[in-house]
Amino acid sequence: MHSTRRAASSVLFACLVLAGCSPTSLGNSNTGASGSRTPSSGPSGAGGAGRAIAVGAGPQRTYTVQQQPAAGSCHYRYLKGEPLEDPTCTPGAVSPAVTQANLKSTICRKGGYTSGIRPSTSVTGREKRLNAASYGFTGRMGDAEYDHLISLQLGGDPNDYRNLWVEPADPGHKKGSGVNNAKDPVETKLHTAVCKGQVTLAAAQKAIVTDWTTALSRLGLG
C-alpha cells in the first residue's frame, strides 16, 4: 500500500513539474471545438460568488458550432417572473480581446464593435436549437433570444457555450411579437457606465453574471 502511494505521488509530482499541470486538471482533458471544457453536469469555471469568470477563445475569423450541455440538464430560475440562466450550464465567459486598458479601441469605440465579431446565424441558429434542448425550452423559438449572458458590448465571449443560453420571453410578452427582453436595456446601461468610467469592466461583468435583474442596483446605477 505504501509503495503504491509513493508511486502515485511520484507520478503527480512529475506531472506538476514537467508538464505544468495542476491536480484539478488530472482526468479532465475533454475539450470542445474552441478549446474550452466540454459541458458537463458539474459546475463550470465561472460566475458564482467568489469565482473568477472564465476566459473564452475570443473573436474568431471562422466560428464553429459549439457542443452544448446535455439535453434536459439545465434549469431556468425565475425572479419575479423574469427568467434567469442556470449558473452551472451558463456561468458566463469573457473575451480576452477586451480589457480595461483597451476599452476605447474595442467596446467603447465609435462605429461599433459587436457587429464585426458576432457569429453568423448559420452557427448560432444550430446552437440555439441545441441549447433549447439543454434547457428543455418548448416555447416559440422566435420569441426566445439566444443571449450572451455577458453581452458582446460588455466584453463577453462571442461563441463560448458558457456564455450563451436560450433566454425565454419576459412575463406578459405577446406570443409571436419577436424578441424583446428586459435584460437588453440593463446591458446597454452597463455599457454606458463602463465607457464613462463610472464602473470598471470587471465590475459590470461580475454584476451581470451574478444576477442581471439586480446588476444596476448592485453597482449604484439604477
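The buried residues of α4 are covered by elements that include β4 (93-94), α3 and α5. Those buried residues are L201, A204, Q205, A207, I208 and V209. The description concerns a predicted model, and its mean pLDDT is 81, with 74% of the residues reaching 70 or more. Over residues 1-47 the pLDDT is below 50, although this stretch has 61 contacts in the model beyond near neighbours in sequence. Where pLDDT is low, the predicted coordinates should not be read in detail.

**Overall architecture**

The protein contains five helices and six strands. Read from the N terminus, its elements follow the order α-β-β-β-β-α-β-β-α-α-α. Of the 222 residues, 42% are buried. Among contacts with a separation of 6 or more, 71% join residues 24 or more positions apart. The accessible surface amounts to about 11700 Å², and carbon and sulfur atoms hold 55% of that area.

**The nonpolar core**

The largest nonpolar core comprises 38 residues, and those with the most contacts inside it are I107, I150, L154, V166, L190, V194 and I208. Two or more residues each are given to this core by α2 (121-135), β6, α3, α4 and α5. The largest share, five residues, comes from α4. In soluble globular proteins, nonpolar side chains tend to be buried together.

L190, a buried residue of α3, touches L154, A204, I208, A215, L216, L219 and L221, with residues up to four places away in sequence not counted. I107 is located in the loop between β4 and α2. Its relative accessibility is 6%, so I107 counts as buried. Not counting residues up to four places away in sequence, I107 touches V98, Y113, L152, Q153, L154, G155, H191, V194, C195 and L201. The C-alpha atoms of I107 and C195 lie 8.1 Å apart, although 88 residues separate the two along the chain.

Helix α3 (residues 183-195) has 13 residues and should span 18 Å at 1.5 Å a residue; the end C-alpha atoms are 19 Å apart, which agrees. Its buried residues are K183, V186, E187, L190, H191, A193 and V194. These cover an arc of only 165 degrees around the axis, and therefore lie on the same side of α3. They pack against β5 (145-148), β6 (164-167), α4 (201-210) and α5 (215-218). Just after α3, G197 adopts a positive phi of about 80 degrees.

Helix α2 has 15 residues and extends 20 Å from its first C-alpha to its last, close to the 21 Å expected at 1.5 Å a residue. Buried in α2 are V123, T124, E127, K128, N131, A132, S134 and Y135. Because they cover an arc of only 160 degrees around the axis, they are on the same side of α2. An α-helix has 3.6 residues a turn, so residues three or four places apart point the same way. The buried residues of α2 pack against β5 and β6, while the face turned away from the buried side carries the exposed residues S122 and R129. G136 follows α2 and has a positive phi, near 65 degrees.

**Loop residues**

| Residue | Relative accessibility | Class |
|---|---|---|
| S151 | 5% | buried |
| R61 | 90% | exposed |
| K80 | 84% | exposed |

S151 is placed in the loop between β5 and β6. Apart from neighbours within four places in sequence, S151 is in contact with G156 and E187; E187 is one of the buried residues of α3.

R61 is in the loop between β1 (54-55) and β2 (77-79). At 90% relative accessibility, it counts as exposed because the threshold for that class is over 50%. Its C-alpha atom is 8.2 Å from that of I117, 56 residues away along the chain.

K80 belongs to the loop between β2 and β3 (82-84). Its phi is near 55 degrees, a positive value in a residue other than glycine.

Conventions: Residues are numbered from 1 along each chain as its sequence is written. Side-chain values use heavy atoms; hydrogens and water are left out. Helices (H or I, at least four residues) and strands (E, at least two) are DSSP runs, numbered from the N terminus. The expected span of a helix is 1.5 Å times one less than its number of residues. Buried means under 20% relative accessible area, exposed over 50%, partly exposed in between (1.4 Å probe, protein chains only). The arc is that of the directions from the helix axis to the C-beta atoms. Contact means heavy atoms within 4.5 Å. pLDDT is the predictor's confidence in each residue, from 0 to 100. A nonpolar core is a set of buried Ala, Val, Leu, Ile, Met, Phe, Trp, Tyr and Cys residues joined through side-chain atoms within 4.5 Å. Accessible areas come from the Shrake-Rupley method with a 1.4 Å probe; for residues, only the protein chains shown count as cover.
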